Amino acid sequence: MNNIKDIPDPIIINKFKSVYSPSDDSYLIIDYFKEKISNSDFDGLEFNNINNILDMGTGSGIIPIFFLLIKKKYSKFNPKIYASDILEKAILCSKLNEKINHFENEIIFFQSDLFNSFPQNLKHTFNIIIFNPPYLPSIEIEKVNNKMPINFSWDGGIKGIEVLKRFINQVIEFIDINDKKGSYIYFISSSRADIKELDNLIRERGFKRRVVKRKHIFFEDILLNRLELK
Ligand SMILES: C[S@@+](CC[C@H](N)C(=O)[O-])C[C@H]1O[C@@H](n2cnc3c(N)ncnc32)[C@H](O)[C@@H]1O
C-alpha cells in the first residue's frame, strides 16, 4: 500500500464573507481520506467501481479539489467529481480555487438546495457522497448572526439536525444501490446534537451508521460518520 499522506492539502483562498473557510471539520474529512486511500482502493471500495463522487455543500471547494489531487497522482482513480452548494458565491469561490490549484473545469458544479435541482439522470449514480453540513442549532446562531448568508454554513435548524434529516431523506435517491460495488455516504455531526431522531431515520432509510473518526474541539467532539446500505 502506497502512503499518500504526501498529497498536499489544496490551496484555498476565500475572499467571500458568505463562504465557509475550511476548518477542523473539513480537515477531519481530508485526514481520514488520506489514511484510507491505497493505490487500488478508497476505504475498501475498489477504484474501478468508483464512477461518481459528490461533495454536497462544498463551500470553498476544498474536498472536490482534494479528489482532483488524488486523481492526478493515481491514474487508476478516475471518477467524475461533482460539487454543489446552495450559495452561488460558494460555487464561484470553488471555481476560483480549482484554478488556483491548476485544474481547469474538471469539477461539475450545481447550485442547489440539497438535491432539489439535480438532473434526474444522476439518480443512483454516486458511489461516494460527502456532506459537511450546517450542524449547529439555529437559536445559538441567531443570537450572534441573525440572517447572514454565512449562516448557511452553521445553521442546521432548530435542533441542528434538520438539514441533515432532509439530506438523509433525499440521498437514497442518488446513491448507487448496486450492492456488489458498495457505496459510502460520509457526513459530519457534533457530539452535542441529539442524533437519536436522525439515527431512526437512517435505519428507516435502510442505512447503517458508523463513526469512523472524531476530534475534540473546545466544548464538543466533531464526528465523521459513514453510512452504507444494510
Ligand atoms: C460547514 S460548511 C462546509 C463547507 C465545505 N464542505 C468544507 O468542509 O469546508 C456547510 C456548507 O453547506 C452549504 N449548505 C447549507 N445548506 C445547504 C443546502 N440546503 N443545500 C446545499 N448546500 C447547503 C453551505 O452554504 C456551506 O457551504
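Two residues are in contact if their C-beta atoms, placed from the backbone, lie within 7 Å. Helices (H or I, at least four residues) and strands (E, at least two) are DSSP runs, numbered from the N terminus. The model shown is predicted: local features need pLDDT of at least 70, side-chain atom pairs count only at pLDDT 80 or more, and totals for chains, interfaces and linings use all residues. Residue numbers start from 1 along each chain as its sequence is written.

**View 1. Helix α1 and its packing partners.** Helix α1 (residues 24–36) comprises 13 residues and reaches 18 Å from its first C-alpha to its last, close to the 18 Å expected at 1.5 Å a residue (the expected span is 1.5 Å times one less than the number of residues). Ser26, Leu28, Ile29 and Phe33 of α1 are buried; a residue is buried if 20 or more other C-beta atoms lie within 10 Å of its own, exposed if 12 or fewer, and partly exposed in between, with C-beta atoms placed from the backbone.

View 2. The shell around the ligand has 22 residues, of which Ser26, Gly57, Gly59, Asn132 and Phe152 come nearest (a residue is near if its C-beta atom, placed from the backbone, lies within 6 Å). Helices α1, α2 and α5 (151–154) each give two or more residues to this shell. By class, the shell holds 12 nonpolar, 7 polar and 3 charged residues; Ala, Val, Leu, Ile, Met, Phe, Trp, Tyr, Cys and Pro count as nonpolar, Asp, Glu, Lys and Arg as charged, and the others, Gly among them, as polar.

**View 3. Ile185 and Leu164 in the largest nonpolar core.** The largest nonpolar core has 54 residues, and those with the most contacts inside it are Ile53, Ile129, Ile130, Leu164 and Ile185. Such a core is a set of buried Ala, Val, Leu, Ile, Met, Phe, Trp, Tyr and Cys residues joined through C-beta atoms within 7 Å. Ile185 lies in strand β7 and is buried, with 25 other C-beta atoms within 10 Å. Not counting residues up to four places away in sequence, Ile185 touches Ile129, Val171, Ile175 and Leu227. With the same exclusion, Leu164 touches Pro133, Tyr135, Gly156, Phe187 and Leu198.

View 4. Buried in α3 are Ala90, Ile91, Cys93, Ser94, Asn97 and Glu98. Seen down the axis, they fall within an arc of 165°, so they line one face of the helix. Their cover includes α2, β4 (80–85) and β5 (107–111). The face turned away from the buried side carries the exposed residues Glu88 and Lys99.

**View 5. Residues with positive phi.** Most residues other than glycine have a negative phi. Asp43, in the loop between β1 (41–42) and β2 (45–46), has a positive phi near 50°; with 16 C-beta neighbours inside 10 Å, Asp43 counts as partly exposed. Phe218 lies in the loop between β8 and β9 and has a positive phi of about 45°. Phe218 counts as exposed, with 5 C-beta neighbours inside 10 Å. Just after α3, His102 takes a positive phi of about 70°.

How values were computed:
The arc is that of the directions from the helix axis to the C-beta atoms.
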